Amino acid sequence: SLVDTVAAAALTGARECLKRLAETIPSPIQSIAIRVCPPLPNSVEARIRDNRAQVVADSVMYRMAMATAAQERGWSIGWYDRKEVMGRAASAMEVPDITPTLVALGKRAGPPWQAQHKLAAAAALSLLASTDHRNGSA
């Protein structure tokens, strides 16, 4: 029951955050990029027994809440793999290397422009070429 309570709170929070985001961005949002979720055992009990599952279960719950909230808003979900996203972004931008594009975006955005910002930008850019919106499991 505690897991269900936390999952409901995560979904409520995701809905509120995406609502505020949509109100802040001047252009309509059509899609959102979310990192692919690692597979988890099916039951809560099995997840509690599995050390790896214990470590990642919260992040999976939050990603799935964000995906649900985005889908409720009519946004498509672009699931990305951290290992592939830079290549997919380069492909979407039709360039051999996405690094110069990310550097230019960083200069325009200003500090801080860190690794997580580059990853988020690459994930967003990769959606431009993606018609393959995979489900949330690896």
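## The crossing of α4 and α6

Helix α4 passes helix α6 in a left-handed crossing, where left-handed means that the near helix is turned anticlockwise from the far one by less than a right angle, and right-handed that the turn is clockwise. The structure is a predicted model, in which local features need pLDDT of at least 70 and side-chain atom pairs count only at pLDDT 80 or more, while totals for chains, interfaces and linings use all residues. Residues are numbered from 1 along each chain as its sequence is written, and side-chain values use heavy atoms, with hydrogens and water left out. Helices (H or I, at least four residues) and strands (E, at least two) are DSSP runs numbered from the N terminus.

Two packed helices are described by the angle between their axes and the distance between the axes. For α4 and α6 (residues 115–126), the axes come within 8 Å and cross at roughly 50°, the axes being lines fitted to C-alpha atoms, for helices over the stretch in contact, with angles that run from 0 to 180 degrees between N-to-C directions. That angle makes α4 oblique to α6, given that angles under 35 degrees count as roughly parallel, over 145 as roughly antiparallel, 65 to 115 as roughly perpendicular and the rest as oblique. On the α4 side, Val85, Met86, Arg88, Ala89, Ala92 and Met93 meet Lys118, Leu119, Ala122, Ala123, Leu125 and Ser126 of α6, contact meaning heavy atoms within 4.5 Å. The residues of this contact divide into 9 nonpolar, 1 polar and 2 charged, where Ala, Val, Leu, Ile, Met, Phe, Trp, Tyr, Cys and Pro count as nonpolar, Asp, Glu, Lys and Arg as charged, and the others, Gly among them, as polar.

## Alanine 89

Alanine 89 lies in helix α4 (residues 85–93) and, at 0% relative accessibility, counts as buried; buried means under 20% relative accessible area, exposed over 50% and partly exposed in between, with a 1.4 Å probe and protein chains only. Leaving aside residues up to four places away in sequence, alanine 89 touches Ile98, Ala122, Leu125 and Ser126. Alanine 89 and alanine 121 are 32 residues apart in sequence, and their C-alpha atoms are 8.7 Å apart in space.

## The packing of α5 on α6

Helix α6 also packs with α5, at an angle of about 115° and with the axes 10 Å apart, and α5 passes α6 in a right-handed crossing. In this contact Thr101, Leu102 and Leu105 of α5 meet Lys118, Ala121, Ala122 and Leu125 of α6, a set that divides into 5 nonpolar, 1 polar and 1 charged.

## The crossing of α1 and α3

The axes of helix α1 (residues 2–24) and helix α3 (residues 51–72) come within 8 Å and cross at roughly 45°, and α1 and α3 are therefore oblique to each other. Their crossing is right-handed. Val3, Val6, Ala7, Ala10, Leu11, Ala14, Arg15 and Leu18 of α1 make the contact with Met61, Tyr62, Ala65, Met66, Thr68, Ala69, Ala70 and Glu72 of α3; these residues divide into 13 nonpolar, 1 polar and 2 charged.

Valine 6, found in helix α1, counts as partly exposed at 30% relative accessibility. Not counting residues up to four places away in sequence, valine 6 touches Met61 and Tyr62, and its C-alpha atom is separated by 9.6 Å from that of tyrosine 62, which is 56 residues apart from valine 6 along the chain.

## Backbone details in the loops

Most residues other than glycine have a negative phi, and most peptide bonds are trans. Glutamate 94, in the loop between α4 and α5, has a phi near 55°, a positive value in a residue other than glycine, and is exposed, with a relative accessible area of 72%. A cis peptide bond, with omega about -5°, joins proline 111 and proline 112, and proline 112 is placed in the loop between α5 (99–109) and α6.

## The chain as a whole

The protein chain has 6 helices and 2 strands, which follow the pattern α-β-α-α-β-α-α-α along the sequence. Its C-alpha trace spans about 45 × 30 × 30 Å along the principal axes, and among contacts between residues at least 6 apart in sequence, 71% join residues at least 24 apart.

Of the 138 residues in the protein chain, 30% are buried. The chain exposes about 8900 Å², of which carbon and sulfur atoms supply 56%; accessible areas come from the Shrake-Rupley method with a 1.4 Å probe, and for residues only the protein chains shown count as cover.
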